[in-house]
Amino acid sequence: MTHFTEYPTYLAEIPSVLPIHESICFAPRPYPPEEVTSQVFRYIERSLVYPAPSVKRGDWEPRWIDKQDVWFNSADGTQLHGWFVPHPNPKHVVLYAHGNNEHVGLAQNAVLRLQSTLSATVLVFDYRGYGLSAGKPTERGLIEDALSAQQWLAERTGLLANDIVLVGRSLGGGVLTAVAAERGARALVVDATFSRMVDAARYNYPWLPVRLFMRDRYDSVARIEQYHGPFFQSHRTIDEVVPIELAKQLFDRCPSQQKQFYEIAERRHNEPPTPEYYSQLAAFLSRVGSRVSPVVRDPIVLPVPAAMMPHQAAS
């Protein structure tokens with residue numbers, strides 16, 4: 001679940017930057033006007049791009065998934081949480097990156113579908129600032145988190161990092177496009193993903209000067225040019241958050257000789273993919289082939305900070 005107008009109530013939160021603006025203006029130590037403006041715009045950007053849901057939402061102990069809670073560190077030491085969901089006889093190993101208004105506790109349906117329809121071992125993880133993971137979200141931070149997740153999964157399953165199938169939804173697709181461009185993948189799969197974050201923001205908020213103030217731009221069309229591996233992209237035909245025209249820009253810029261664009265008819269941004277989508281994806285990955293190692297190592301388990309347990313975390 002992802003970008004911008006996914007929950008239009010965020011528009012109502014934008015005026016809440018005014019007290020911050022006033023507190024800066026009337027603080028004992030004066031702030032330059034440009035610093036005030038920068039802080040206000042940064043607040044707006046974080047509210048729109050990273051509306052992380054409360055950990056009180058979702059199901060953290062789903063009964064129909066045999067998952068293992070795992071903890072690992074990002075490159076800068078930020079502690080991250082995820083679910084490792086093994087398949088008894090996997091054809092693929094998948095790293096799944098969710099959208100910007102999701103966390104691991106809300107991703108069980110997607111994980112179950114990937115595991116069952118693709119015969120895949122799956123790792124789903126939370127970016128910094130999401131779910132039980134520590135830290136605050138930034139573009140580079142999320143990319144480093146995904147790179148660390150890819151490496152953890154490779155070591156856990158005995159594969160090379162570029163033997164892992166990367167599956168990302170919306171924001172997750174932008175994150176994993178950067179990972180694929182930097183390190184490669186067995187296949188890159190993106191759903192409901194934008195050309196650039198700035199393009200999607202400009203479409204949803206034409207009255208905001210997004211090109212001037214957005215720091216986290218997620219320029220996927222530039223990054224996809226560095227990826228030449230198999231590429232599967234899907235998009236809903238009536239996506240009201242990321243128009244399908246933006247998605248096709250990303251597809252057109254991908255230099256891969258093995259790529260497919262699948263349109264999900266008559267569905268909106270946050271509606272789940274159809275069964276036919278999973279059939280198409282399974283067929284695509286079958287053509288790509290798999291490199292699954294029989295090596296399975298014990299998961300790395302770090303101590304769980306008590307303050308980060310779901311029943312104790314703040315909303």
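The legends below describe close-up views of a predicted model.

Residues are numbered from 1 along each chain as its sequence is written. Because the model is predicted, local features need pLDDT of at least 70 and side-chain atom pairs count only at pLDDT 80 or more, while totals for chains, interfaces and linings use all residues; side-chain values use heavy atoms, with hydrogens and water left out.

**View 1. The whole chain, for orientation.**
The protein chain has 11 helices and eight strands. Helices (H or I, at least four residues) and strands (E, at least two) are DSSP runs, numbered from the N terminus. Of the 315 residues, 55% count as buried. Buried means under 20% relative accessible area, exposed over 50%, and partly exposed in between, with a 1.4 Å probe and protein chains only. Contact means heavy atoms within 4.5 Å. Among contacts between residues at least 6 apart in sequence, 73% join residues at least 24 apart.

**View 2. Helix H5 against helix H6.**
H5 spans residues 139–157 and H6 spans residues 171–183. Their axes come within 9 Å and cross at roughly 65°. Axes are lines fitted to C-alpha atoms, for helices over the stretch in contact, and angles run from 0 to 180 degrees between N-to-C directions. The crossing of H5 with H6 is right-handed. A crossing is right-handed if the near helix is turned clockwise from the far one by less than a right angle, and left-handed if anticlockwise. From H5, the residues in contact are Arg-140, Leu-142, Ile-143, Ala-146, Leu-147, Gln-150 and Gln-151. They meet Leu-171, Val-175, Leu-176, Ala-178, Val-179, Glu-182 and Arg-183 of H6. By class, this contact has nine nonpolar, two polar and three charged residues. Ala, Val, Leu, Ile, Met, Phe, Trp, Tyr, Cys and Pro count as nonpolar, Asp, Glu, Lys and Arg as charged, and the others, Gly among them, as polar.

Rings of Phe, Tyr and Trp (its six-membered ring) pair if their centres lie within 6.5 Å; planes under 30 degrees apart count as stacked, over 60 as edge-to-face and the rest as tilted. By this rule there are 12 aromatic pairs. One of them joins Phe-125 and Tyr-127, edge-to-face, at 5.5 Å centre to centre and 90° between the planes. Phe-125 and Tyr-127 are both buried. Phe-232, Tyr-277, Tyr-278 and Phe-284 form one aromatic cluster. Lys-259 lies over the face of Phe-251, 4.6 Å from the ring centre. A charge sits over a ring if NZ of Lys or CZ of Arg is within 6 Å of the ring centre and within 35 degrees of the ring normal.

**View 3. His-92 and Ser-119.**
His-92 is in strand E3 (residues 92–97). His-92 counts as buried because its relative accessibility is 7%. Its contacts beyond four places in sequence are Leu-118, Ser-119, Ala-120, Thr-121, Val-165, Leu-285, Gly-289, Ser-290 and Val-292. Ser-119 is in the loop between helix H4 (108–118) and strand E4 (120–125). Its phi is positive, about 50°, although Ser-119 is not a glycine. Ser-119 is also buried, at 17% relative accessibility.

Leu-159 is in the loop between H5 and E5. Leu-159 is buried, with a relative accessible area of 11%. Its C-alpha atom is 7.0 Å from that of Val-292, 133 residues away along the chain. Ser-170 is in the loop between strand E5 (165–169) and H6. Phi of Ser-170 is positive, near 50°. Ser-170 is buried, with a relative accessible area of 0%. Arg-186 is in the loop between H6 and strand E6 (187–191). Arg-186 counts as buried at 16% relative accessibility. Beyond four places in sequence, Arg-186 contacts Asn-162, Asp-163, Ile-164, Val-165, Pro-230, Val-288, Gly-289, Ser-290 and Arg-291. The C-alpha atoms of Arg-186 and Val-288, 102 residues apart along the chain, are separated by 8.0 Å.

**View 4. Pro-272 in its loop.**
Pro-272 lies between strand E8 (259–264) and helix H11 (275–288). Pro-272 is exposed because its relative accessible area is 53%. Not counting residues up to four places away in sequence, Pro-272 touches Arg-236 and Arg-267. Its C-alpha atom is 8.5 Å from that of Ala-110, 162 residues away along the chain.
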